[in-house]
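Subject: Structure handover

Hello,

Here is the structure I said I would pass on. My notes on it come after.

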Amino acid sequence: MNSESNKRLYELCDLVTSGLADQLQVDELESLMHQDPAARQVFLNWSALQVDLVSTIQASRSRDALLDRIDQQASSHTTGSHNTGRRYSWLTLLAACLVLGLFVTSWRAASDGAAGSNGEAGGELVAEANAETDADELSLSAEIAIDGMAIVNRVENVVWAESSRPASKGDLLRASRWLEMESGLAEIQFGDGAVVVLEGPARFTAKSTSLGLLDYGTLAAVVPPWAEGFQIDTPTVEVVDRGTEFVVEVSHDKQVTVGVTKGEVEVFNQTDAPVESTEKKKHRLFAGNALHADGSDLNAAVFDDKWHSLSDHLPERPDHTEIEVVARYRKDYVSGVSNKPMRNLNWRYYANYWSDYNQLEGYRELLWDSSREVYDPNGDVARTAGDRLHAANFSYRGGHPGQGRDQSKDDIDHYVVAAYQVTKPGRYRIESGWLVRAESRDDLINQAVDLRVWVDERSNLLEETCNHNGLLQFQGDVGELSEGDWIYVGVGPRTVSHNDRFEWDFAIVRVIDKLAL
């Protein structure tokens with residue numbers, strides 16, 4: 001294709017993926033793709049930049065439901081008076097292949113993730129990265145979830161069941177993957193910061209960043225304040241943490257015992273109410289208390305001191321007397337008002353438009369786009385961000401940076417920046433931060449993203465890179481802050497922004513000064 005033909009192809013791809021094409025433009029693009037396989041590949045590449053359009057699709061939907069949703073979106077593109085029906089045969093097929101391909105990729109962190117640190121602001125911020133693609137465990141089922149996620153921190157003397165795939169330190173666990181152990185210990189850290197030590201024989205899976213399912217076996221859990229509400233489900237009861245340590249035992253015949261070694265939990269019997277009802281009787285347990293569940297019968301049990309031997313394997317975590325949780329990205333994320341910036345909490349969402357990412361005068365505040373349920377440069381207005389911000393946005397799950405320096409005309413990497421303003425003076429930390437690349441394409445180069453953390457216009461407290469199919473963990477000291485200071489956490493492209501969608505979460509906490517109490 002000559003340069004004029006290429007230019008027209010790009011224009012058509014832009015119009016169709018933005019939902020602005022009329023019927024004639026759709027027909028023209030479809031004809032080009034019928035005639036030239038290279039045009040189909042261009043459309044796929046262009047569609048990758050719009051993959052965040054499906055980020056709000058719930059992971060629990062089946063493959064057919066996902067395809068129907070894409071088909072409906074494609075059908076809504078036309079603005080002409082023609083009867084469209086299933087007019088988008090090529091476009092729907094290509095978009096479906098693209099989206100399903102994204103979900104077929106999963107992430108498995110390397111056994112010994114590389115660590116990085118920066119000692120500014122009185123503390124170290126650490127990060128671990130590196131992963132390898134691991135698609136064999138993923139099926140196109142109703143359980144697909146990108147962040148159904150926990151990380152294996154430690155494996156000690158584990159004998160794996162024949163039916164279970166072995167896990168290693170650094171593995172990223174998905175909701176579809178069961179761990180089944182004959183013996184030994186495994187330490188698992190959830191995305192929200194809770195840590196579980198599993199003792200074999202046991203069968204266990206991480207259902208999300210804050211939910212685990214113990215089919216049988218014994219586990220101990222420690223839950224820091226920023227992860228309060230972490231839950232362990234069993235065949236008969238649900239255990240919800242209220243801080244900070246507890247033990248759960250499930251026998252092969254599904255009898256369950258819950259004991260609290262520190263703090264408090266709430267236990268809900270799943271047989272207390274019909275499935276369609278949300279009313280369940282709550283049983284509250286405190287340190288030194290235990291409860292035994294045999295089917296629908298729940299009775300007080302004797303606290304077994306042997307549980308301390310398992311909880312002793314848990315890592316140290318601060319409790320509510322030591323830190324105050326002031327913010328969490330996902331917990332605080334709320335829908336906005338059409339074409340308006342975030343204004344009802346201490347969060348703001350930006351992209352650097354005119355200047356480098358840490359030069360605040362060049363920021364452009366993102367607006368609520370009600371159709372896509374994201375904050376982006378244009379709100380509900382048709383995309384006009386141009387070659388600087390382009391696909392930049394923040395969603396509940398994560399986001400997408402703007403254009404890279406090799407794409408834009410200003411030689412700047414355009415970040416999306418989540419900013420939080422503190423309301424009390426004190427020492428602040430970021431805890432349980434994680435970022436995972438949400439998709440990758442082998443035919444596109446340089447799909448890594450850069451993570452930066454800074455305060456006001458000070459130098460970076462953290463500078464790390466997450467590769468195209470990797471996992472990045474980050475946490476550490478932000479320093480002594482004054483009321484009104486801003487903490488900035490930004491994600492930017494590394495020179496280009498192809499397939500740079502990411503998913504993340506992190507907490508901001510204030511260290512309690514006990515001497516001042």
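Predicted model: local features only at pLDDT ≥ 70, side-chain atom pairs only at ≥ 80, totals over all residues.

Residues are numbered from 1 along each chain as its sequence is written, and side-chain values use heavy atoms, with hydrogens and water left out.

Whole chain

The protein chain has eight helices and 27 strands; these are DSSP runs numbered from the N terminus, helices being H or I with at least four residues and strands E with at least two. Of the 517 residues in the protein chain, 56% are buried. Buried means under 20% relative accessible area, exposed means over 50%, and partly exposed is in between (1.4 Å probe, protein chains only). The accessible surface of the protein chain is about 21,400 Å², and carbon and sulfur atoms hold 47% of that surface; the areas come from the Shrake-Rupley method with a 1.4 Å probe, and for residues only the protein chains shown count as cover. Among contacts in the protein chain with a separation of 6 or more, 64% are between residues 24 or more positions apart, a contact being heavy atoms within 4.5 Å.

Helix α2

Helix α2 covers residues 23-35, 13 residues in total. From its first C-alpha to its last, α2 reaches 18 Å, close to the 18 Å expected at 1.5 Å a residue; the expected span is 1.5 Å times one less than the number of residues. Its buried residues are Q23, Q25, V26, L29, E30, L32 and M33.

Strand pairing

Two strands are taken to pair if DSSP finds at least two bridges between them. Strand β3 (residues 150-160) pairs antiparallel with β4 (residues 172-173) over two bridges, and A150 has L173 of β4 as its bridge partner. β3 also runs antiparallel to β5 (residues 178-190), joined to it by eight bridges; here R154 is partnered by E187 of β5.

Strand β21 (residues 416-421) is mostly covered, with five of its six residues buried. β21 pairs antiparallel with β15 over five bridges, where V416 of β21 is the bridge partner of A351. β21 is also antiparallel to β26 (residues 486-493), over six bridges, and A419 is partnered there by Y488.

β23 (residues 449-455) and β24 are antiparallel over five bridges, with V453 facing L462 of β24 as bridge partner. The two strands form a hairpin with six residues between them, and D456 in the turn has a positive phi of about 50°. In β24 (residues 462-466), L462, E464 and C466 make up a covered face, and E463 and T465 an uncovered one. In a regular strand the side chains alternate between the two faces of the sheet.

H400

H400 sits in strand β20 (residues 398-400). H400 counts as buried because its relative accessibility is 1%. A polar atom of the H400 side chain lies 3.5 Å from the backbone nitrogen of D500. Beyond neighbours within four places in sequence, the contacts of H400 are A391, A392, N393, V416, S497, D500, R501 and F502.

Salt bridges

A salt bridge is a side-chain nitrogen of Lys or Arg within 4 Å of a carboxyl oxygen of Asp or Glu. By this rule there are 33 salt bridges. One of them joins R343 and E365, with the closest N and O atoms 2.9 Å apart. R343 is in the loop between α7 (329-332) and β15 (347-352) and E365 is in strand β16 (residues 363-365), so the pair ties together parts that are 22 residues apart in sequence. E365 counts as buried, at 19% relative accessibility.

Another salt bridge is between R405 and D413, at 3.5 Å from N to O. R405 is partly exposed at 30% relative accessibility, whereas D413 is buried with a relative accessible area of 9%. A further salt bridge, at 2.7 Å from N to O, joins E431 and R429. E431 is buried, with a relative accessible area of 9%, and R429 is partly exposed, at 23%. R242, E264, E266, K282 and R284 are linked in a network of salt bridges.

Regards

Note on methods. Polar contact = N/O pair within 3.5 Å; in protein donor to acceptor, adjacent residues only side chain to side chain.
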